[in-house]
Amino acid sequence: MKKLQLIGMLLLFFTLLTGCKTESSTTSISDTQFKFNTVMTITLYGYNDKEVFKEIWAEFDKMEQTYSANREDSDVSKFNDAQSLKPILVSPDVVKMVNSAQTYSDATLGKFDLTIEPVVKLWGISTDSPRVPSQSELDLALQHVNYKNVIPDLKNNTLTKLDPLSRIDLGAIAKGYAADQIVTFLKNKGIDRAVLNLGGNIYVMGSKTADTPWSVGIQDPYKPSGELMGILKTTNRSIVTSGSYERFFEKDGKTYHHILNPTTGYPVDNELVSVSIISDLSVDGDMLSTSAFS
């Protein structure tokens, strides 16, 4: 049976702030870097000072250093490595992400679960040596997958474990959260027209021209990169796509992708191959695309 594609829409609202422009509103500058384990390209319109990219990428570096479960010095690793049941002081951003994620975990009855890190580590799908874990390994790891075992305290910027072996992975939310942070950064710089392409997370600021929205292509997962299944015309929106075709490996003739079921520990097995979420906030799109796919 041909797999289905789904485009979900989350209608939220926010106020667009107007920034300073150069004399030509068609002026654009662009830069590409490898951050958050993906290629990112940011294009700014009506702005011509390329020095701003140094600040933008520095912001990404700071966020990655804080959020990444793969960095030993990150706040996430600090929390994961601790086996204490006492509150652990972390970045306010990490607490906010965990708190937001738990809201979606409640709404999706646990289909979205940041504490799936022990299972993610077993599969190693984003590493150079992915493997199919044994059922006994999965059963043991799944004992520690329960988002309710992590308590965020927004007032004191702490996370508390109810299970000393609880571990979190912000990979399903970090790019969206980072995109929203960069949008705010650009607005504060007086930049109101930009396209952020963060590898599966697209954010379009403002509009292409005064009367023309941006055109955003949705990749056809059955065709080579660049061949589209549709074009979305929009302004001031995030478009996040999650799919089983993005990261995977094959073993004994079977394909295993990176979107894992927090109940079974195995890659989600359904009729979906791609989910795109359109929202005002990219962090919402990140969580909803993963939840909808599951």
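Let me start with the surface. The accessible surface of the protein comes to about 14,800 Å². Carbon and sulfur atoms hold 51% of that area. One caution before I go on: this is a predicted model.

Now the overall build. The protein has 294 residues, and 49% of them are buried. Its radius of gyration is 20 Å. A compact globule with 294 residues would come out near 19 Å, so the protein agrees with that expectation. Taken along the principal axes, the C-alpha atoms fill a box of roughly 65 × 50 × 35 Å.

Secondary structure next. We have seven helices and 14 strands.

On to the aromatics. How many aromatic pairs does a search of the whole structure find? The count is eight. Here is one I want to show you: phenylalanine 249 with tyrosine 256. Their ring centres lie 5.4 Å apart, and their planes meet at 25 degrees. Under 30 degrees counts as stacked, so this pair is stacked.

Are these two residues buried or exposed? Phenylalanine 249 has a relative accessible area of 11%, so phenylalanine 249 is buried. Tyrosine 256 is also at 11% relative accessibility, and tyrosine 256 counts as buried. The cut-off for buried is under 20%.

The pair belongs to a wider group. Trp123, Phe249, Tyr256 and Tyr266 form one aromatic cluster. You can pick out those four residues on the model.

Another ring to look at is phenylalanine 79. What lies over its face? Lysine 161 does, at 4.8 Å from the ring centre.

Last stop, serine 28. Serine 28 is in strand S2, which runs over residues 28–35. Relative accessibility here is 41%, so serine 28 counts as partly exposed.

Which residues does serine 28 touch, leaving aside neighbours within four places in sequence? Serine 28 is in contact with Thr43, Leu44 and Tyr45. Aspartate 211 is 183 residues from serine 28 along the chain. The C-alpha atoms of serine 28 and aspartate 211 are separated by 18 Å.

To recap. The predicted model has seven helices and 14 strands. Serine 28 is partly exposed, in strand S2. That's my tour.

How values were computed:
Residues are numbered from 1 along each chain as its sequence is written. This is a predicted model: local features need pLDDT of at least 70, side-chain atom pairs count only at pLDDT 80 or more; totals for chains, interfaces and linings use all residues. Side-chain values use heavy atoms; hydrogens and water are left out. Helices (H or I, at least four residues) and strands (E, at least two) are DSSP runs, numbered from the N terminus. Buried means under 20% relative accessible area, exposed over 50%, partly exposed in between (1.4 Å probe, protein chains only). Contact means heavy atoms within 4.5 Å. Rings of Phe, Tyr and Trp (its six-membered ring) pair if their centres lie within 6.5 Å; planes under 30 degrees apart count as stacked, over 60 as edge-to-face and the rest as tilted. A charge sits over a ring if NZ of Lys or CZ of Arg is within 6 Å of the ring centre and within 35 degrees of the ring normal. The radius of gyration is taken over C-alpha atoms; the globule rule is 2.2 Å times the number of residues to the power 0.38. Accessible areas come from the Shrake-Rupley method with a 1.4 Å probe; for residues, only the protein chains shown count as cover.
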